[in-house]
Amino acid sequence: MKTSLQIKILTTRITKLAIVLMVVSSCAASRQNNPLTFNIRAFVNDLPLVLGTKRYQNLTGEGEFTVENFKFYISNIKLLDSIDNPVYTEPESYHLVSFDDDRGIFPITLDYDGRDFEKIQFSLGVDSLANQSISQVGDLDPNNSMAWGWAVGYKFLVLEGNYFKEKQAEIVPLVYHIGFSENYQTYLFTKTSFGSDLNQSNEFNIKIDMASVFNGSNLVSFDSLPSVTFNRERARQIGGNLKDVFSVMPW
Amino acid sequence: MQPPKEISELLHFVMNHRIIILFSVFFWLLSQCNSPENQPSPLNDFQAPFYYGVFDLPEENPLTAEGVALGRMLFYETSLSSNNQVSCATCHQQEKAFTDGRAFAIGVSGKPTSKSSMPLNNLLWGPKHFFWDGRASNLEEQSLIPIQNPDEMGLEIEEAVEKLGQLPIYPPLFKAAFGTDEITPSKIAMALASFQRILISQNSKYDKYLRGETELSKEELLGKELFMTHPDASVGLRGGNCADCHSQFLTSGFATGYDGFKNNGLDNDENLEGGLAYVTGKESDWGKFKVPSLRNIALTAPYMHDGRFKTLEEVIDHYDHQIKDSKTLDPLMREASNQKPVGGKESGFHLTADEKKAILMFLQTLTDEDFITNKDFNDPHH
């Protein structure tokens with residue numbers, strides 16, 4: 001444990017040095033690259049996600065709900081060749097994905113050298129090594145809203161909102177904080193599944209459907225489970241649905 | 001499956017191995033990008049705790065020794081007010097952790113303003129929007145607003161420039177900080193912002209604990225655990241729910257977007273002030289105010305944007321059982337409870353008397369005597 005932490009800390013030091021060196025070298029000239037952008041687009045079923053004001057139909061029953069906060073970590077992005085060897089591995093690959101701009105789009109731009117690849121791999125959550133550290137790598141920040149606070153580690157996915165049951169004035173708060181290493185998920189998409197657009201624009205879209213967090217293989221209703229925080233069993237029910245939340249989205 | 005490690009354990013390990021980031025090296029390297037002659041000197045002895053994390057500085061306003069020195073002079077300069085009696089430090093007094101002990105700030109007009117003076121500390125981190133309603137999106141923009149507010153310092157910015165130019169001490173200080181002795185509003189703003197940025201509180205008992213230099217008492221430790229924990233009655237986990245809004249090390253609001261602005265249940269819909277909604281124009285932001293840093297909180301009474309609570313006990317009681325329902329009440333606050341059932345009009349954390357006392361004890365570990373007596377932060381005019 002100690003050794004791995006030491007390595008982690010050393011790596012962080014080297015990374016900080018690398019950042020400094022990058023700043024210095026960027027003074028001289030910017031290097032050639034061929035950026036590839038992947039846009040994560042958030043939906044509730046087929047409706048674009050709008051935080052705060054927009055009311056959506058309850059996913060598993062009657063009534064409506066709003067989404068006040070929806071965030072998750074996308075991490076360890078890799079571009080792979082046909083036999084799954086990495087062609088490109090994004091450094092410091094921890095992105096805190098949020099949708100504050102009212103368009104429901106979060107772009108991630110990969111600064112890679114344009115070599116050919118066949119597949120795109122990424123994960124939802126934070127891998128266990130980084131999750132046991134307080135180092136600031138990418139968007140990991142122990143002072144942000146994703147840090148648990150009571151223990152080292154991060155929430156992988158956060159969804160907070162209000163549920164308005166029909167004919168009842170009462171607002172039921174919805175709080176889903178999903179962490180724990182067993183809920184870390186890795187996804188693989190082939191380049192061909194994005195169609196020809198990718199070759200033309202170097203940009204592709206991946207949809208995350210918030211509805212599938214609840215109505216995936218495990219049906220999770222707002223009535224029976226309005227809140228999931230540190231109850232590991234409950235988190236696992238949602239965690240099981242996370243494997244199907246992303247899909248390729250044609251333009 | 002490995003359980004999450006205790007934060008204190010991990011921090012002690014990190015601190016024992018002397019992982020301190022020397023930001024000065026970074027600034028020095030940055031300054032090498034463009035090096036015109038007569039460059040002000042970068043701030044060399046500037047250090048910040050590892051656990052506060054990285055921060056950004058505006059490219060056009062690097063931290064320099066001369067800029068900070070000028071900013072400190074201006075911060076304590078009463079000539080920046082219409083009656084020559086009010087400076088920034090009138091409402092931001094070092095011994096009160098840069099607050100004024102009042103519910104509502106009072107400046108040149110003698111008329112109470114609509115808000116309580118915000119504490120100033122660790123402004124390099126946390127929310128990127130300033131004032132209780134977030135109307136300034138950087139410290140440069142923030143700095144000039146109180147000078148021009150008719151109730152605070154009451155001086156048109158052109159008048160401020162003219163008055164400073166007539167004081168022999170200032171042109172050389174502007175020349176040292178910015179290369180020419182011409183005084184402009186943006187230079188005043190940059191210098192004031194720089195001084196505010198170095199107001200770093202990093203030597204409280206909590207900091208010493210985080211660095212492994214001291215222990216917290218049993219009660220303080222319980223308070224810390226409660227502070228950090230969102231209660232989950234389904235697994236018997238008790239919590240005071242503070243860290244849902246106040247980050248674990250900085251104890252400030254969160255930096256991402258407007259995450260550091262919350263409706264914390266002070267009023268119902270009928271009485272709720274607009275706050276952030278006036279800045280964003282969004283109905284869903286109605287009643288949200290900036291989550292302040294809790295560093296030195298024992299010194300900054302009275303509390304909340306309108307100073308409605310005189311003591312920390314009153315603040316804790318508010319969260320414990322006096323949360324008022326409204327449309328934009330934070331869902332985390334609505335949901336959090338140490339009792340079942342949760343939600344609806346029964347909002348409140350429902351802690352025991354011992355737990356409330358423990359949280360109070362932990363809040364008192366955030367007091368930093370070195371910060372309020374630091375001679376680099378006091379009035380340079382005397």
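**Notebook: aromatic rings**

I started with Trp125(B), which is buried at a relative accessible area of 5% (buried is under 20% relative accessible area, exposed over 50%, partly exposed in between, with a 1.4 Å probe and protein chains only). A note to myself: this is a predicted model, where local features need pLDDT of at least 70, side-chain atom pairs count only at pLDDT 80 or more, and totals for chains, interfaces and linings use all residues. Residues are numbered from 1 along each chain as its sequence is written, chains are lettered from A and ligands numbered from 1 in the order written, and side-chain values use heavy atoms, without hydrogens and water.

Next I looked up ring pairs: rings of Phe, Tyr and Trp (its six-membered ring) pair if their centres lie within 6.5 Å, and planes under 30 degrees apart are stacked, over 60 edge-to-face, the rest tilted. I got 40 aromatic pairs over all chains.

I picked Phe122(A) and Phe189(A), which are stacked because their ring centres are 6.1 Å apart with the planes at 20°. Phe122(A) is buried at 0% relative accessibility, and Phe189(A) is buried at 13%.

Last, I checked charges over rings (NZ of Lys or CZ of Arg within 6 Å of the ring centre and within 35 degrees of the ring normal). Lys54(A) sits over the face of Tyr56(A), 5.6 Å from the ring centre, and Lys207(A) over that of Phe43(A), at 5.0 Å.
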